[in-house]
Amino acid sequence: MEKGIAAMEQASSTKKGGKRKIAIQLIENVDARNVCFSKRRTGLFKKASELRVMCGAQVRVVAFSPAGKPFYNFSPSSEPTNNNEAPFPDLKLTCLGRQASELCAKIEASKRRNESLKARREEMMKESVWNIDVANADLTQLMAAKKALEEVRVQTLSPGEMSLKDMVALLSS
């Protein structure tokens, strides 16, 4: 009798199925990953439905499978009228709008940089180093003009165009 109880205790301590903790990391096996996505997607949609019922919230969930296929879950009032209608008709426009905003910001930054360079050039043109007579200048004046020209060159280059020599010249000035 005691052997039977010990065997049952041992069997109950070594679980073969049921709930257990798993490490949250990418599943290497593609088939296992797809199965896991399918099961967890169902659970996610169930939780969204519960949230909708319990709180009266409008819930939209879009989940993309590992293969890139979209799966939707909607509040009843926000469901598309037909299957071909996109669930988020303005989503593509929103993405395009965001890209347009980013491009506009880059253009504005380039304009500001251009204005800054123009202002710097105006300042440098007023400085005496730019108004020297090269034919009659001494060595120190020529070296100062060379250094000023190198600084302008380095400032007008974008970081990707800078060579090691340019970076050294920038750091030494």
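Begin by selecting Ala145, Ala148 and Val154, the buried residues of helix H4. Here, buried means under 20% relative accessible area, exposed over 50%, and partly exposed in between, with a 1.4 Å probe and protein chains only. This is a predicted model, in which local features need pLDDT of at least 70 and side-chain atom pairs count only at pLDDT 80 or more, while totals for chains, interfaces and linings use all residues. Residues are numbered from 1 along each chain as its sequence is written, and side-chain values use heavy atoms, with hydrogens and water left out.

Next, display the whole of H4, residues 139-156. Its 18 residues reach 26 Å from first C-alpha to last, close to the expected 26 Å; the expected span is 1.5 Å times one less than the number of residues.

Now view the entire chain. The protein has five helices and two strands, in the order α-α-β-β-α-α-α from the N terminus. Helices (H or I, at least four residues) and strands (E, at least two) are DSSP runs, numbered from the N terminus. Of the 173 residues, 13% count as buried.

Select helix H2, residues 30-55. With 26 residues, H2 should span 38 Å, and the 37 Å between its end C-alpha atoms agrees with this. At its start, a side-chain oxygen of Asn29 comes to within 2.9 Å of the backbone nitrogen of Asp31. After H2 comes Gly56, with a positive phi near 70°.

Which residues of H2 are buried? They are Phe37, Arg41, Phe45, Ala48 and Arg52, and they pack against strands E1 (60-64) and E2. An α-helix has 3.6 residues a turn, so residues three or four places apart point the same way.

Move to Asn73 in strand E2, residues 70-74. Is Asn73 buried or exposed? Asn73 is buried, because its relative accessible area is 14%. Its side chain makes a polar contact with that of Arg52, at 2.7 Å. A polar contact is a pair of N or O atoms within 3.5 Å; within protein, one must be able to donate a hydrogen and the other to accept it, and residues adjacent in sequence count only if both atoms are side-chain atoms. Beyond its neighbours within four places in sequence, Asn73 is in contact (heavy atoms within 4.5 Å) with Phe45, Ala48, Arg52, Val59, Arg60 and Val61.

Finally, select the lining of the largest pocket, which includes Ile22, Ile24, Leu26, Arg33, Cys36, Phe37, Arg40, Arg41 and Ala63. H2 gives the largest share of this lining, five residues. A pocket is an open set of points on a 1 Å grid over the protein atoms alone, where a 1.4 Å probe fits, with protein on both sides within 12 Å along at least five of seven lines; lining residues have an atom within 4 Å of a point.
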